Amino acid sequence: MHVVVIEDQERMLELVTSYLGEVGVDTTACADGESGLMAVADANPDVVVLDLMLPGISGTGVCKALRAAGNDVPIIMLTARGEVGERVAGLEAGADDYLVKPFALEELLARIRAVARRREEPTDRFSLGDVMIDLAARRVWVADREVSLARREFDVLSTLADRAGWVVSRQRLYDAVWDGADEDLRSNSLEVYISRVRHHLAGSSSVTITTLRGVGYRLDVRR
């Protein structure tokens, strides 16, 4: 297991990383939000331990940036303040768990293992920016509001979302959505369904569909 620890208090950072190292957890230590974001991008960790109060980019800002980029790494937020408002702010920013200082290092380890296990459990629901897709239930939420998609609209969106950030060729969309259908029907229908999906995503502040003429489409997730 690899854990990125983002904490600006030098003593706390040393205590946490030393303890985790002793129990066999690899760590990357960061003292501010900017270096923490870079470490998460580079290391692709299993869990992030994130202090709420950081110089520069706050812990809440780091959390929001990761979620806006489509990164679902489990995040445990640390804070010296235990007010309900602080906990709610962290959870609404995308944190998975919350731990108030001072805390027992053994409890932190237990929480790290718990959120890591939850990530390993198979799920059909995932988020890209402010868009959440449930593949099993065939449901979609845009900016926390559920939108209703027809069958082929959902198939187009899920196919693009499966390769978010990459170009999906027209042929791949044909095969996924119109398998076996007449070629002229597929060609004429694709632009229509792309337009409909774009309409459903109009309420999103982070997800768009880019057309690459003659090649295909790409679902982009902005920070």
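Helix H1 spans residues 10-22, 13 residues in total, and covers 18 Å from its first C-alpha to its last, close to the 18 Å expected at 1.5 Å a residue. That expected span is 1.5 Å times one less than the number of residues. Helices (H or I, at least four residues) and strands (E, at least two) are DSSP runs, numbered from the N terminus. The model is predicted: local features need pLDDT of at least 70, side-chain atom pairs count only at pLDDT 80 or more, and totals for chains, interfaces and linings use all residues. Residues are numbered from 1 along each chain as its sequence is written, and side-chain values use heavy atoms, with hydrogens and water left out.

An α-helix has 3.6 residues a turn, so residues three or four places apart point the same way. Buried means under 20% relative accessible area, exposed over 50%, and partly exposed in between (1.4 Å probe, protein chains only). After H1 comes Gly 24, with a positive phi near 90 degrees.

Next, Asp 97. This residue sits in strand S5 (residues 97-100). Is Asp 97 buried or exposed? Its relative accessibility is 18%, so Asp 97 counts as buried. Its side chain makes a polar contact of 2.8 Å with that of Arg 111. A polar contact is a pair of N or O atoms within 3.5 Å; within protein, one must be able to donate a hydrogen and the other to accept it, and residues adjacent in sequence count only if both atoms are side-chain atoms. Leaving aside residues up to four places away in sequence, Asp 97 touches Ile 75, Ile 76, Met 77, Leu 91, Arg 111 and Val 115. Contact here means heavy atoms within 4.5 Å.

Now the sheets. One is open, with 4 strands in the order S6-S7-S8-S9 and antiparallel pairing. Strands S6 (125-128) and S9 (145-147) are at the edges, each with a single partner strand, so one side of each has no neighbour in the sheet. The twist averages 25 degrees from one strand to the next. Two strands pair if DSSP finds at least two bridges between them. S6 and S7 (residues 131-134) pair over 4 bridges. In this pair, Arg 125 stands opposite Asp 134. Helix H6 (residues 151-162) packs on the sheet, touching S6, S7 and S8 (139-142), at about 110 degrees to S7. Axes are lines fitted to C-alpha atoms, for helices over the stretch in contact, and angles run from 0 to 180 degrees between N-to-C directions.

The other open sheet has 3 strands, ordered S10-S12-S11, again with antiparallel pairing. S10 and S11 are its edge strands, each pairing on one side only. S10 (residues 167-169) joins S12 (residues 216-221) over 3 bridges, with Ser 169 opposite Gly 216. S11 (residues 207-212) joins S12 over 6 bridges. Across that pairing, Thr 210 faces Arg 218 and Val 207 faces Val 221. The S11-S12 hairpin has 3 residues between its strands, and Gly 214 takes a positive phi near 80 degrees. H6 lies across S10, S11 and S12, at about 70 degrees to S12. Helix H7 (residues 170-177) lies across S10 and S12, at about 65 degrees to S10.
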